[in-house]
Amino acid sequence: MSLQFCLKKFPKNNDLKDECGLPFGCVVKPFCQTKRSPLDAAELPKAEDVCRCSECYAYANGYAQFSRYGWTCSLCGAYSEYPPKSKYGSQTHRRTLPELQTELVELEVSRVELDADSKSDAGVQ
């Protein structure tokens, strides 16, 4: 999936968005074809290794603001600290992380097994 935002920073609220007078939008391409060759699953970064916002659970991305001990979410503006021994603490290492370098990143997502009770609660048969 590809996301392209018209702004690098997001307004904190609707009133601020209206005051600035700039168009605000996002182009979502859920089935975007990439020019890169498909990666082997063993080469894909794991989704659980990518930092998530403590408020809105957005993934860390190139639009977020990073500091030595944490980062500010580009979607909701919340500040989240890095987990212990995080790969995000070093500015030099952040330059190599695919989730921060491109707008389109493929991640390996772990399969979650649901037990019978969870399936019935979720409406799965």
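Leaving aside its neighbours within four places in sequence, which residues is Leu97 in contact with? This is a predicted model, where local features need pLDDT of at least 70, side-chain atom pairs count only at pLDDT 80 or more, and totals for chains, interfaces and linings use all residues. Residues are numbered from 1 along each chain as its sequence is written, and side-chain values use heavy atoms, with hydrogens and water left out.

**View 1. Leu97 and its contacts.** Beyond those neighbours within four places, Leu97 touches Lys87 and Tyr88 (contact means heavy atoms within 4.5 Å). You'll find Leu97 in the loop between α2 (91-94) and α3 (98-101); helices here are DSSP runs of H or I with at least four residues, strands are E runs of at least two, and both are numbered from the N terminus. Leu97 counts as buried because its relative accessibility is 5% (buried is under 20%, exposed over 50%, partly exposed in between, with a 1.4 Å probe and protein chains only).

**View 2. Leu97 and Val50.** These two sit 47 residues apart along the chain, and their C-alpha atoms are separated by 9.5 Å.

**View 3. The lining of the largest pocket.** A pocket is an open set of points on a 1 Å grid over the protein atoms alone, where a 1.4 Å probe fits, with protein on both sides within 12 Å along at least five of seven lines; lining residues have an atom within 4 Å of a point. Here 22 residues form the lining, and Leu3, Tyr59, Ala60, Asn61 and Glu103 lie nearest the centre. Both β1 (2-5) and α3 give two or more residues to this lining, with α3 supplying the largest share, three residues.
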